[in-house]
Amino acid sequence: MRRIALILVPYLWLLALFLVPFAIVLKISLSDLAMSIPPYTPQLDLAAGWEGIKAFFSQLDLENYIWLTQDELYWKAYLSSLKISLIATALTLLVGYPMAYGMARAPEEWRPMLLMLVILPFWTSFLIRVYAWMGILAKEGVLNQFLMWLGVVSEPLVILNTNIAVYIGIVYTYLPFMILPIYASLDRMDNSLLEAAEDLGCSRFSAFWLITAPLSKQGVIAGCFLVFIPVIGEFVIPSLLGGSKTLMIGKVLWDEFFSNRDWPVASAVAVVLLLILIIPIILFQRNEQKQREAEG
Amino acid sequence: MALDVFAPWDDPDAKPLIQFKNVTKRFGDFTAIDDLTVDIFEKEFFALLGPSGCGKTTMMRMLAGFETPSDGTILLSGQDMAPVPPNQRAVNMMFQSYALFPHLSVWENIAFGLRRDKMPKDEMGARVDEMLRLTRLEKFARRKPHQISGGQRQRVALARSLAKAPKLLLLDEPLGALDKKLRQETQFELMDIQESTGTTFVIVTHDQEEAMTVASRVAVMDHGKIVQVATPDAIYEAPNSTYVADFIGDVNMITGTVRAEGAQLRMTWAEGQPEIVGETSKTFGKDQSVHFAIRPEKVSISAEKPVDAANAVQGQVLDIAYLGNISTYHVQLPGGQVIKAQTANNRRISRRSFTWEDSVWLSWTATAGVFLEQ
């Protein structure tokens, strides 16, 4: 009895905060646009009894999903999001791995402080930090002023409102999610493994590729998913740092909801995005499971 | 037929495989190895024995190349080792934690070093299989390290470090993680493998029993210095200091002053007690303060005063430690000194000769103990 109660709490939580909202969104995505409040139809009329429910369901259709395949904006936005997300994940890995490696190899007494520094940005609002990047990357921004002062460039570089700014923003924002799992896997590694590899004839460099890299694989995979999954739906960074050419599905979603006020199409976009995300989420879960099995 | 005894250290013409020449290693202010000189010969099973922090692991890590001496030189086959990095030394090490690569199978772990040498595939396969046979691991070749037991892991580590046929194999507390029974079995296995491969082994251990069992010579270390290097029996029977006598096995230590009388030495040690008579090859000055060390098993215990014993003292049984095969009697002398005497329990316990509070005689021969200056 107690066990059931224990399991029931998280399930109720999941039901209330994930499944119910999802059902609502799904329902809206099957509705039609209407000039009303709320801006879609049909509305469920429970007062009409069974007839009302029947009428409600008969009016639901897949029209909005068909629309998504007809207008190339949507699939282009999905593809572009995937591309940006993939590239950004690779860049974050490129920056994050050496940092995690350096942290894991740092003297024992430094590590808590270094870990603290990685987590420190979370103390400030994410939005404010992205706005700060606008100040840095703008034409008259800190970066350009500094580069001009150094004499590296004579004309200010155009970074803000390009994809480069989006990549910088994503790498900056999601770096801790990459560093922490990699650091955890490197930190767990027994240092004598590297000595053993060296003792058996490895150079330092090949010991890294033969021992360190495979042993941190799980951390790398976890970090990549933790960056890749949320970046696909990222909205704030592309809309603040990106330009008109930056096409991401999060931005499209926002425009559909708030500019077009086309809730049914926006909901359909959201449902498809969720379906796309389910694949990497399952892969991520499987990786975690594999890691637990390897340890247990 | 006289057996040819393996003792290259007694042969002045023998060339040592490893020579430590005035080696010092400092970590900051701490001196881990202090001006140490020692020779280790080919095919030896050399044990570095000492309490933790005595520098034995540092010595081993210098041999492996993970540390470089602050002063002095280490020669391997006459060649200075200082400029040779660990991955180019004909020295392999078996780590205390075994350091098996968790993502590789037993087979791949053993093949790891051979692969780095770019050994041809079929030759490598044959070598790995030979190592698996040697360590009786054939059945576990495909398993990952976390899928085998501690004893099997220990054997994988040994096979991996032996696979490259090193001139010298270093073993860092190789049996520390095994339980006592398995450890004793493995000690004999190690000796067999050492003999059959003819590799020189240097083992680091804090377990004196282990060192005595496996080693051809034992070096007892203390504070970065080697206190004594000798065969296990010499270390036990003729320790050169009270430190060694005390570190190896159980010992009774009596302090007094000596006077010589012919080949014999007489030591005055307590009022009202007869002088201790013993023989020694060392010369002591008159009235020099010395320590007399005698092993408990060399002290006989009897109810009546033995007639022909060189040394005999009377005392009272204070404590009896029954260990099954032997019993240790703690006998208090009138002056308060407690002497331990050991007897083999070749009778059933119900017929034991002595019990608590019994008045007994302790006796030993003139050659039973050793006199030590320090």
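1. Let's start with the outward side of helix α3 in chain B: B:D122, B:E123, B:A126 and B:R133 are exposed there. Please keep in mind as you look that this is a predicted model.

2. Now turn to the other side of α3(B). Here B:V128, B:M131 and B:L132 are buried. Why do they line one face of the helix? Viewed down the axis of α3(B), the buried residues fall within an arc of 100 degrees, so they share one face. Their packing partners are α2 (106-116) and α4 (150-162) of chain B.

3. The helix itself is worth a look from end to end. α3(B) covers residues 121-134, which makes 14 residues, and reaches 20 Å from its first C-alpha to its last, close to the 20 Å expected at 1.5 Å a residue. Just after α3(B), you will find B:R136 with a positive phi of about 55 degrees.

4. Moving to chain A, an unreviewed UniProt entry lists "transmembrane region" for residues 77-101, 113-138, 158-184, 220-243 and 263-284. In the model, residues 113-138 of chain A are 73% helix and 0% strand, with end C-alpha atoms 32 Å apart. For residues 220-243 of chain A, the figures are 79% helix and 0% strand, and the end C-alpha atoms lie 31 Å apart.

5. Finally, how do the two chains meet? In this model, 14 residues of chain A are in contact with 17 residues of chain B. On the chain A side, α9 (192-199) and α10 (204-215) are the elements that give two or more residues. α9(A) gives the most, with six residues. By type, the chain A side divides into seven nonpolar, three polar and four charged residues.

Key. Residues numbered from 1 in each chain as written. Chains lettered and ligands numbered in written order. Predicted model: local features only at pLDDT ≥ 70, side-chain atom pairs only at ≥ 80, totals over all residues. Helix = DSSP H or I, 4+ residues; strand = E, 2+ residues; numbered from the N terminus. Expected span 1.5 Å × (residues − 1). Buried ≥ 20, exposed ≤ 12 C-beta atoms within 10 Å, placed from the backbone. Arc of directions from axis to C-beta. Contact = placed C-beta atoms within 7 Å. UniProt positions renumbered as here; feature names shortened; annotations may be inferred. Nonpolar A, V, L, I, M, F, W, Y, C, P; charged D, E, K, R; others polar.
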